[in-house]
Amino acid sequence: AWVDPRRGDASFAEVAATWLAQNPAKRASTRTRDEAIVRLYLDPVLGTRRLGSITPADVRALVAGWSRSPRTVKRMYGVLRAIFNYAVNSDLIGRSPCRGIKLPTPQAIDCHVVDGDAPAALAEATGEYRPMVYLGAVLGLRWAECAGLRVGRLDLLRSTLTVAEQLDRDGRTAPPKSAAGRRTLGVPSWLVEMLGEHLARRGLTGADTDALVFVAPDGGPLDYTNWRRRVWQPATKAAGLDGLKFHDLRRASATAMVLDGVDVRTAQARLGHSDPRLTLAVYAQATDEGDQVATDALGARFQPGARHGRAIEAP
């Protein structure tokens with residue numbers, strides 16, 4: 001790598017600090033995470049190094065020394081690579097040393113499969129936050145999208161809900177992460193009725209467009225950590241779903257759409273994904289029901305002596 005003569009003395013720490021300040025639109029939670037990665041894991045090793053002196057061997061040694069989970073290592077490396085890409089695009093170096101780096105392979109995560117009466121039992125156990133369970137399971141909303149939902153985004157007459165904001169960890173609402181995240185979804189009539197009853201209990205009407213649908217006991221925005229400890233964990237335990245994450249409801253929504261034959265593009269739009277591959281690869285889980293359907297179909301097709309109307313032809 002070579003260093004631009006105008007910035008030949010630039011250190012990694014200086015460039016990293018500039019990179020952190022270059023994106024004012026970055027979410028507060030993401031900025032806090034990236035700052036922590038730079039401060040705790042990158043600057044202590046590379047901070048005083050001249051940017052152009054850092055080689056792929058240095059990067060490999062740094063990554064190999066991170067005793068963290070594969071997903072955490074991938075996230076930390078993503079920050080390191082972004083800093084060097086910024087340096088290349090700024091003509092500070094000619095080539096990034098982040099090349100040929102092998103990362104540990106993340107292991108598959110065992111996720112809860114939420115079906116049957118589980119959502120109803122969980123919803124009852126959450127008390128006043130009961131509709132949030134169904135917004136996650138039926139509409140596939142993220143927790144932050146539920147917590148940032150405003151009354152004005154509900155159209156109970158047309159049975160629709162618009163996702164236009166989400167609640168950040170700092171208690172402020174912000175637009176969705178991508179354009180695909182902003183979406184309008186149809187709502188089942190029974191869920192419309194439940195949401196209407198929830199608003200009535202809170203004394204809210206359609207005129208309170210800016211009011212949050214779900215709030216903390218003091219009337220302010222929900223805090224995820226407090227809500228998880230005070231509401232979610234006791235509810236999952238009471239429903240026999242100890243260890244369930246709110247995001248598992250979103251996975252359940254995607255899986256149900258696959259099992260019910262909803263086309264991938266529609267599922268993608270409802271979940272707010274910018275890439276349909278994410279809909280299938282990340283959220284659509286294999287289930288006992290789906291496996292049984294496949295078993296019956298394949299068994300019927302290849303059963304010895306069975307007569308089939310259509311043969312399988314080689315391409």
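Biologist: What does R172 touch, not counting residues up to four places away in sequence?
Modeller: R172 touches A28, Q166 and L167. The cut-off for a contact is heavy atoms within 4.5 Å. This is a predicted model.

Biologist: How far apart are R172 and A28 in sequence and in space?
Modeller: They are 144 residues apart in sequence. C-alpha to C-alpha, R172 and A28 are 9.5 Å apart.

Biologist: Where does R172 sit, and why is R172 called exposed?
Modeller: R172 lies in the loop between β3 (166-167) and β4 (173-174). Its relative accessible area is 55%. Exposed means over 50%, so R172 counts as exposed.

Biologist: What makes D58 and R49 a salt bridge?
Modeller: Their side chains meet at 2.9 Å, N to O. The limit is 4 Å, so the pair qualifies as a salt bridge.

Biologist: Are D58 and R49 buried, exposed or partly exposed?
Modeller: D58 has a relative accessible area of 26%. R49 also has 26%.

Biologist: Why is E145 called buried?
Modeller: E145 has 2% relative accessibility. Buried means under 20%, so E145 counts as buried.

Biologist: What does E145 form with R142?
Modeller: E145 forms a salt bridge with R142. The closest N and O atoms are 2.7 Å apart. R142 is partly exposed, at 23%.

Biologist: How do you know that R158 and D155 form a salt bridge?
Modeller: The N to O value is 3.0 Å. With the limit at 4 Å, the pair therefore passes. R158 is exposed at 66%, whereas D155 is partly exposed at 22%.

Biologist: Which residues do salt bridges with shared partners join into one network?
Modeller: R142, E145 and R183. The count of salt bridges comes to eight.

Biologist: What is the span of helix α9, and what is expected?
Modeller: α9 (residues 224-238) has 15 residues. From first C-alpha to last, α9 reaches 20 Å. That is close to the 21 Å expected at 1.5 Å a residue.

Biologist: Where does α9 bend?
Modeller: At W232, by about 35°. A proline, P234, follows within four residues.

Biologist: Which residues of α9 are buried, and what covers them?
Modeller: The buried residues are W227, V231, W232, A235 and T236. Their cover includes α5 (118-125), α6 (130-137), α7 (143-147) and α10 (246-259).

Biologist: What makes the approach of D223 to T225 a polar contact?
Modeller: At the start of α9, a side-chain oxygen of D223 comes within 3.3 Å of the backbone nitrogen of T225. The cut-off is 3.5 Å, so this N and O pair falls inside the limit.

Biologist: What follows α9?
Modeller: G240, with a positive phi near 75°.

Biologist: How many helices and strands does the protein chain have?
Modeller: There are 13 helices and five strands. Of the 315 residues, 38% count as buried.

Biologist: What is the mean pLDDT of the protein chain?
Modeller: The mean is 86. A pLDDT of 70 or more is reached by 88% of the residues.

Biologist: Where is the pLDDT below 50?
Modeller: One such stretch is residues 1-6. Beyond near neighbours in sequence, residues 1-6 have twelve contacts in the model. Residues 309-315 also stay under 50. There the model has three contacts beyond four places in sequence.

Note on methods
Residues numbered from 1 in each chain as written. Predicted model: local features only at pLDDT ≥ 70, side-chain atom pairs only at ≥ 80, totals over all residues. Heavy atoms only, no water. pLDDT = per-residue confidence, 0-100. Buried < 20%, exposed > 50% of the residue type's maximum accessible area, 1.4 Å probe, protein only. Helix = DSSP H or I, 4+ residues; strand = E, 2+ residues; numbered from the N terminus. Expected span 1.5 Å × (residues − 1). Bend = angle between axes of the 7 residues up to and from the residue. Polar contact = N/O pair within 3.5 Å; in protein donor to acceptor, adjacent residues only side chain to side chain.
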